[in-house]
Amino acid sequence: MFVTQYIKDVFGAIKSLGIGMRRTLWYFVRPKEIITQQYPDNKDTLVLAERFRGEVVMPHDENNEHACTGCTACELACPNGSIKIVTKFDITPEGKRKKAIDQFVYRLDMCTMCNMCVVACPSDAIIMANDFEHSVYDRTRLTKILNKPGSKVRDGIE
Amino acid sequence: MYRQSEILDRSGHDGYMVINVGPQHPATHGVLHFVITLNGETIIKLEPHIGYIHRSIEKMCESLNYRQFVYTTSRMDYLSSHINNHACCLAVEKGLELEIPPRAQIIRILMDELTRLASHQLWWGSMAMDIGALTPFFHAFREREMITDIFEDTCGTRLTMNYMVPGGVMADLHPDFQQKVKVFLKQFQEKLPEYDELVTGNIIFQNRTKGVGILSKEDAISYGVSGPTARASGVSCDVRKLYPYGVYDKLDFKEITDTGCDTWARYIVRMEEMRQSIHIIEQLIDNIPDGDFQAKTKAVLKLPKGEYYSRVETARGELGVYIVSEGGTTPYRIKFRSPGFSNLSAMETMVKGGKIGDFVAVMGSVDLVIPDIDR
């Protein structure tokens, strides 16, 4: 009884292995079914999802103007403190003092791409960019200042 | 936390051998350490040492507000991050007494079931790999890649989503969502028989799993085991059926139970759950109502003083979120009842008296995610 079961198992195993191997060979002779992407080689044709959360960036228009008013909503929304906004006071042509950002400090090394700052921003000044190749040789380069030098807030955004 | 290992106490005295299983490398995601006492090849004692990946998420949550703490739970059970976020949102919404728009509810359930599918696919691949078959892992990842692509389109991330927020979901569905899910379902249903060809029908696989790692119904209940692991022991514990949340009470699906109690039964239950998830997605994908994807909430969420508890069924079992609020913007205390911890505690019962070779097969079938155990 035990011996027949044993022999049955051995032949059953060989048969089921054959079924599995047939499937493997089916893929072996059909390389089109393979969906592996040759990543560094296909860099030029690589398409990422438009909502992909790579890093926080602040888009500037052609006049070097952004939409950030320095309200610190993103700083408050950030769960791990990777955004720090340093504000200054500009003197408007009418002679009034107006609050504006001096530096938008963004620490990519602390960011978890949770998208909370982008959702919190009332003027859509920051967005998530698609860039995902973040590796650098020096850790300090991961602390970024998002507003470009000499930039100012766009007119009409309060 | 770390007790003195029994390596020094035991070896040389009574002929038992003590071996350490894991951790392979401190930077791996699943850092679990088993100290196994062997008598020859037979396991007589198994002692899990946990805490290698403890990040004190519960304590961290006390300093985050009710919108922010959701994102940390994606890092607990990273394979069912949508479902973890769902549990947190349910607890917060219970406190705020928010009405969730129907569209957001359907989106949540769709995402939950897609997550469950992705998680079970990865489990299927890794269990086959634990037992010694490498090819299934790549087959599993091929289909899982389609789900992560769908997530990437809509949520923007592939693993740690933070897509569900108190009040609904963070963004509306991507316009391609429905079409992509349909393509995925069609392809996955075509490929499921391949899964059976490769692994389920394999006699070697069956002989290695049948009658191995027995967990009786009584033991499963007394250890608080939940999810597919408990359902394979005949315990009816599906939170989706017993305590329905979202729109689960209006859906037609079966709770899969098996009375085999062994590794093979756990395998079968999970395979059937994949088919049930497909069935749920098929019911919902054409019936997404129009409307808001998020309820109107205040800028600063404040929960009234009290205690709030919510429970959901993750891919691994029951996840409970317990919030104690003092009325402020941050919780006073948060406790997560994670399924992995309870399932791990039943491991010794399953493998005691068995062979060391079966230990890996049992571990694969329980589907442990270590960050979920340590939190």
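Chain B holds 15 helices and 8 strands. Its radius of gyration is 21 Å, close to the 21 Å that the globule rule gives for 375 residues, so chain B is as compact as a globular protein of that length. This is a predicted model. Along the principal axes, the C-alpha trace of chain B spans about 70 × 50 × 35 Å. Of the 375 residues in chain B, 45% are buried.

**A sheet in chain B**

Three strands of chain B form an open sheet in the order E6-E7-E8, with antiparallel pairing. Strand E6 (306-313) and strand E8 (333-337) of chain B are the edge strands, and each pairs on one side only. On average, neighbouring strands of this sheet are turned by 10° against each other, direction ignored. Strands of a sheet pair through backbone hydrogen bonds, either parallel or antiparallel.

Strand E7 of chain B covers residues 318-325 and is joined to E8(B) by 5 bridges. Helix H3 of chain B, residues 81-96, lies across E6 and E7 of chain B. H3 runs at about 150° to E6(B).

**A residue in a helix of chain B**

Ala118(B) sits in helix H4 of chain B, which covers residues 102-131. Is Ala118(B) buried or exposed? Ala118(B) has 27 other C-beta atoms within 10 Å, so it counts as buried; the cut-off for that class is 20 or more.

Which residues does Ala118(B) touch, leaving aside its neighbours within four places in sequence? They are Arg144(B), Ile147(B) and Thr148(B). Ala140(B) is 22 residues from Ala118(B) in sequence. In space, the two are 8.8 Å apart, C-alpha to C-alpha.

**Domains and strands of chain A**

Chain A is divided into domain 1 (2-36) and domain 2 (55-153). The C-alpha centres of these two domains of chain A lie 57 Å apart.

Two strand pairings of chain A involve strand E4, residues 97-107. The table sets them out.

| Strand pair | Direction | Bridges | Residues standing opposite |
|---|---|---|---|
| E3(A) and E4(A) | antiparallel | 9 bridges | Asp90(A) and Lys98(A) |
| E4(A) and E6(A) | antiparallel | 3 bridges | Val105(A) and Ile145(A) |

Strand E3 of chain A covers residues 83-91, while strand E6 of chain A covers residues 143-145. E3(A) and E4(A) form a hairpin with 5 residues between the strands. There, Gly95(A) takes a positive phi near 90°.

**Where the chains meet**

Definitions and conventions: Residues are numbered from 1 along each chain as its sequence is written. Chains are lettered from A and ligands numbered from 1 in the order in which they are written. This is a predicted model: local features need pLDDT of at least 70, side-chain atom pairs count only at pLDDT 80 or more; totals for chains, interfaces and linings use all residues. Domain bounds come from an automatic or database domain assignment. Helices (H or I, at least four residues) and strands (E, at least two) are DSSP runs, numbered from the N terminus. The radius of gyration is taken over C-alpha atoms; the globule rule is 2.2 Å times the number of residues to the power 0.38. A residue is buried if 20 or more other C-beta atoms lie within 10 Å of its own, exposed if 12 or fewer, and partly exposed in between; C-beta atoms are placed from the backbone. Two strands pair if DSSP finds at least two bridges between them. Axes are lines fitted to C-alpha atoms, for helices over the stretch in contact, and angles run from 0 to 180 degrees between N-to-C directions. Two residues are in contact if their C-beta atoms, placed from the backbone, lie within 7 Å.
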